[in-house]
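Let us take a walk through this structure together, one feature at a time. Have a look at it first, and then read on.

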Amino acid sequence: MALHLVALLIGAALDLAIGDPHGFIHPVRWMGSFIERFQRVLARAGLIGAGPRRERIAGLLLVSATLGLFGGATAALVFAAGAVSWQLQLAVEAVASYYCLAARSLFDESMRVFCALREGSLEDARRAVSMIVGRDTAALDRAGVCRAAVETVAENACDGVVAPLFYLALLGPVGGVCYKAANTLDSMVGYRNERFVHLGRAAAKLDDAANFVPARITGALMCAAAFLPGFDAARARRVFRRDRRQHASPNSAHGESACAGALGVRLAGGAVYAGVRVEKPFIGDDVRPIEPEDIRRANALMFAAAAQALALFVGAVEVLRALGCYPG
């Protein structure tokens, strides 16, 4: 088996075992810090706030610098480790893979919402869900809190789990780190408001392109996972086919639609962001009211999809290697 695939398996095991190492420096935080600082450099160079054309150039420079720095640094680190020993290279690649994955963190953060709904007050639940969603949570009722948490798990099953697995398996740690950089750029400057409509265009388009294939794989794998007891596989497939494009993003509704169908609940709809209500199409059928237990069920689907994705991607790369179509 290719070294980077062994490293991926170790990294996935580390993610499941310990999740996000709170209290330690995380490369994604380095990415965020660099993106903020480089924006200040671009502003001092007169490229931000100087019209659409210059801001789009600034956005391209920001994307290029971020991917170049973190992708290049990862490649150099892996090369240097390999020059010492294959064991050190394996360790470096495993840690890089671990940092790219977020299945355990997604589970932990969403289950804090579940526990708050079951054991705490509604205010506790609102506070917990505010840590993982971008919408205003102060006025959410119990159903709204449940819905927000389930949507987060379903949508981030791609960004935090399946897509990193895809790029780590196909392109190794450099591919995984570059994907995380693209995802971080989109979350920080992707054009969601007037400030970033031009500056964030390159980041948003890159993220859309990077998630195009993984999002569709995520939806298909969640439909497959819906054959587990307690889910509705037929409805998952039906809702996935019908609602997977019911989102402004070309990728976000694939996992959500499959999850909504599997659970038999309705997700999405209108939400308030920074005091402004944004109307969005509903996803799924309102077969029954959403409940806290659906957060646990959504996580079960996410983990099942992740396990399938890991097996699928590792197996596909090994088949390509056996056919002589993949280097390494």
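**Rings, charges and helices**

A charge is said to sit over a ring if NZ of Lys or CZ of Arg is within 6 Å of the ring centre and within 35 degrees of the ring normal. There is another such case: the charged end of Arg244 sits over the ring of Phe240, 5.3 Å from its centre.

Before going further, please note that this is a predicted model, in which local features need pLDDT of at least 70 and side-chain atom pairs count only at pLDDT 80 or more, while totals for chains, interfaces and linings use all residues. Residues are numbered from 1 along each chain as its sequence is written, and side-chain values use heavy atoms, leaving out hydrogens and water.

Rings also meet other rings. Rings of Phe, Tyr and Trp (its six-membered ring) pair if their centres lie within 6.5 Å; planes under 30 degrees apart count as stacked, over 60 as edge-to-face and the rest as tilted. The structure holds seven aromatic pairs. One of them joins Phe34 and Phe70 edge-to-face, at 6.0 Å centre to centre and with 80° between the planes. Phe34 lies in helix H2 (residues 27-44) and Phe70 in helix H3 (residues 52-84), so the pair ties together parts that are 36 residues apart in sequence. Helices here are DSSP runs (H or I, at least four residues), numbered from the N terminus. Phe70 has 12% relative accessibility and counts as buried; buried means under 20% relative accessible area, exposed over 50%, and partly exposed in between (1.4 Å probe, protein chains only). Elsewhere, Phe166, Tyr167, Tyr179 and Phe313 form one aromatic cluster.

Now turn to the start of the chain. Helix H1 (residues 3-18) has 16 residues and reaches 22 Å from its first C-alpha to its last, close to the 22 Å expected at 1.5 Å a residue; the expected span is 1.5 Å times one less than the number of residues. Which residues of H1 are buried? They are His4, Leu5, Ala7, Leu8, Gly11, Ala12 and Asp15. These residues cover an arc of only 155° around the axis, which puts them on the same side of H1. The arc is that of the directions from the helix axis to the C-beta atoms. Their cover includes helix H4 (86-100), helix H5 (103-119), helix H7 (142-189) and helix H11 (293-322). After H1 comes Gly19, whose phi is positive, near 65°.

Helix H6 (residues 122-130) contains Ala128, which is buried with a relative accessible area of 16%. Ala128 touches Arg112 and Val113, not counting residues up to four places away in sequence; contact means heavy atoms within 4.5 Å.

Asp124 forms a salt bridge with Arg127, with the closest N and O atoms 3.1 Å apart. A salt bridge is a side-chain nitrogen of Lys or Arg within 4 Å of a carboxyl oxygen of Asp or Glu, and by this rule the count comes to 16. Another links Asp232 and Arg235 at 2.7 Å, N to O; here Asp232 is partly exposed at 26%, whereas Arg235 is buried at 17%. Finally, Arg288, Glu291, Asp294 and Arg297 are linked in a network of salt bridges.

Terms used:
Helix = DSSP H or I, 4+ residues; strand = E, 2+ residues; numbered from the N terminus.
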